[in-house]
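Hi,

Here is the structure I said I would pass on. Have a look at it first, and then read my notes below.

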Amino acid sequence: MTPVEVNVERQGGEEGGGRRHPNTCPECRSHYRDDELRHAQRVCAQCGHHFVVGAMERIDQLVDPGTFVEIGGDLRAADPLAFVDLKPYTDRLMDAELQTGLGDSLVAGYGRIVGRDAALAVMDFSFMGGSMGSVMGERFCLAADHAVAYGIPLISVTGSGGARMQENILALMQMAKTVGAVDSLREEGLPYISILAHPTTGGVIASFASLGDIVIAEPGALLSFAGPRVVEQTTGEKVAADFGRAESNLRLGQLDAVVPRRELRGELAKLLTLFSPTEDEPTGDREPLMTIVEGDANPIDKVLGRLGLGRRRG
Amino acid sequence: MRIRSTRCLGAWDWGDDVVRVSDEVRRLRKRFEARAEESHIWDAVQLARNPDRPYTLDYAERLFTDAFELRGDRAFSDDEALITMLARYHGQTVVAIGHQKGRDLSERTRRMFGMPHPEGYRKAIRAVELADRFGYPIITFVDTPGAYPGVNAEERGQAGMIARSILAFCQASVPIVSTVIGEGGSGGALAIAAGDRVLMQQNSIYSVISPEGCAAILWKDSGQARKAAYAFRPTANACLDLGVIDRIVEEPKGGAHEDVDAAAKFLDDAIRQSLQQAEMIPAAERRRARRAKFRQMGVWGVVDEPTIQDF
């Protein structure tokens, strides 16, 4: 009964206890002002924990300033089933739009990454858990359409709890629809790079997100079809702490790389260079190749590449 | 009876009271209709899960001749929750793919209650590629609560394999007819359901999550499954209205389990006709046509101006 026994550590609330401020690191408890965290690309300076990033901020991090143009920003979810659970679906949509300033859980568009054009589809986990509904699927397809129309690569960044239950079967069909969009890229021979952020689960990872020609994940991201709680509850199996994490997925052969957020833009630039045809001389308004990779690759290769004599890799 | 009497009252010209009575009638009637629909939907859920309901193999033995089962994914093992076969159907060779639940406990455990592991989908992809190579049409039977949500399945890439299976169906240049014959549960069902023609049996269900799962997440109580099912309407009629399926296949009175032969006859007619329709699409255009079919699925609105102008 003595107050001395109160555990100060636990008072702050366990992870997921609901008491943690969104800008407090769940791993090392460091706390940041929002502008500090934004400046640090939402990576904890103490322990390297990757916080969840919103779609617009992510686009800021990856795309050359001022080059992003949104597609399909005027699409909004309808409510085909007149769905009501504890709250009507339309109310949830309105709340999410007011909270995030986004029309749905995915922002589609195109822009330049270190001078190279790419179509983009970037998800926002804070909009209804990044759930996939009709608008999300359509916007992803619009980004893919743009990539096909202009012959440029598609890059997606995903963060999603899965399909949106409020649209039930139509949400499920978005899986087939987005896979079809990836198929149209494959038919045209255009590269698709998929970046998986925390968390990418359910219908999103079981459709387009897994089908990247290159699949990259952020450190510590949860990437699984069924979440750990669902696995534990339905099968009674004990789930390891690193279940479905990016690092274990890399070990199990499901990913090409785990790339820390600060290196992501550089890696994308490298991949876009590798995927661009060697005879494709950069146009005048692009930055010269030498500055693109920032000392990452052998300059001789680039010169040879420009002359069409590049050594073929893998 | 009570309703009829109040409606009689409403017919009298009693000033303001008339309005109130007829409002009450409308409210009651709406509630009764909702209750009736709720129980109708729940009946469909129960029928779709009825343990006596015919499964893939029951239909296969009535629809096909000379069936030869294709087993194994050539990489890891043979998943018995999903079966693939070569068979003769109305004089032509077809590839059939379907989920298979078990009849008794030992078979159910062996077949994982029709919940495939990644091996199962790898086997399905193998079957699709085989069909594509030889130009055989593909007929699929969908009947699964969902893909198996276990640690091993996840470690072997459940999500990626479902995605690859949908892609394999997208890319095939042969006609594909898919029928939901029981539970069409989520991605595990869609993995073999991306066909040129998608059918559903009258009492089958097709949904993004089980009613129990939906209730557990949105109502925070899996006991509210009945309410969840009413809210998200997993029935064949709703799927047809939303443009997700092309046709509803009739079942004998009381459900397919009441008369399996009759159910198989209805299914046979529907599949044969749908296959003929799918065969009308030229092979070179089939991939694009199938993609276009799924592309138009979804419902959304357009606002006048995009609200994000941060850039």
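**Where the two chains meet**

Chain A puts 59 residues into the contact between the chains, and chain B puts in 51 residues. On the side of chain A that touches chain B, the elements giving two or more residues are strand 2 (75-77), helix 5 (134-150), helix 6 (168-188), helix 7 (202-205) and helix 8 (228-235). Helix 6 of chain A has the largest share of that side, with 15 residues. Sorted by class, the side of chain A that touches chain B has 34 nonpolar, 17 polar and eight charged residues. Before you go further, keep in mind that this is a predicted model.

If you want to find the spot, look for A:Leu75, whose bridge partner in strand 9 of chain B is B:Val302.

**Inside chain A**

Chain A is split into domain 1 (19-51), domain 2 (52-276) and domain 3 (277-314). The C-alpha centres of domain 1 and domain 2 of chain A are 23 Å apart. Their contact draws on seven residues from domain 1 of chain A and ten residues from domain 2 of chain A. On the domain 1 side, these are two nonpolar, three polar and two charged residues.

- With strand 3 (residues 106-113) of chain A, strand 4 of chain A runs antiparallel, and eight bridges join the two. A:Ala108 sits opposite A:Ala121 of strand 4.
- With strand 5 (residues 154-160) of chain A, strand 4 of chain A runs parallel, joined by four bridges. Here A:Ala119 is opposite A:Leu154 of strand 5.

Strands 3 and 4 of chain A form a hairpin with two residues between the strands, and A:Val114 in that hairpin has a positive phi near 45°.

One more residue in chain A: A:Leu93, which belongs to helix 4 (residues 89-100) of chain A. Is A:Leu93 buried or exposed? A:Leu93 has 22 other C-beta atoms within 10 Å, so it is buried, as 20 or more is the cut-off for that. The C-alpha atom of A:Leu93 is 14 Å from that of A:Asp124, which is 31 residues away along the chain.

**Inside chain B**

Chain B has 13 helices and nine strands, and its C-alpha trace spans about 80 × 60 × 45 Å along the principal axes. Of the 311 residues in chain B, 50% are buried. Among the contacts in chain B with a separation of 6 or more, 69% are between residues 24 or more positions apart.

Helix 3 (residues 56-63) of chain B packs against helix 12 (residues 260-280) of chain B at an angle of about 70°, and their axes are 10 Å apart. That angle makes the two helices of chain B roughly perpendicular. Helix 3 brings B:Asp58, B:Tyr59, B:Arg62 and B:Leu63 to this meeting, while helix 12 brings B:Val260, B:Asp261, B:Ala264, B:Leu267 and B:Asp268. By class, this contact has five nonpolar, no polar and four charged residues.

Last, helix 9 (residues 211-219) of chain B has buried residues, including B:Pro211, B:Cys214 and B:Leu218. B:Lys220 follows helix 9 of chain B and has a positive phi, near 60°.

Cheers

Conventions:
Residues numbered from 1 in each chain as written. Chains lettered and ligands numbered in written order. Predicted model: local features only at pLDDT ≥ 70, side-chain atom pairs only at ≥ 80, totals over all residues. Contact = placed C-beta atoms within 7 Å. Nonpolar A, V, L, I, M, F, W, Y, C, P; charged D, E, K, R; others polar. Pairing = 2+ DSSP bridges. Axes fitted to C-alpha atoms, helices over the stretch in contact; angles between N-to-C directions. Parallel < 35°, antiparallel > 145°, perpendicular 65-115°, else oblique. Buried ≥ 20, exposed ≤ 12 C-beta atoms within 10 Å, placed from the backbone. Domains from an automatic or database assignment.
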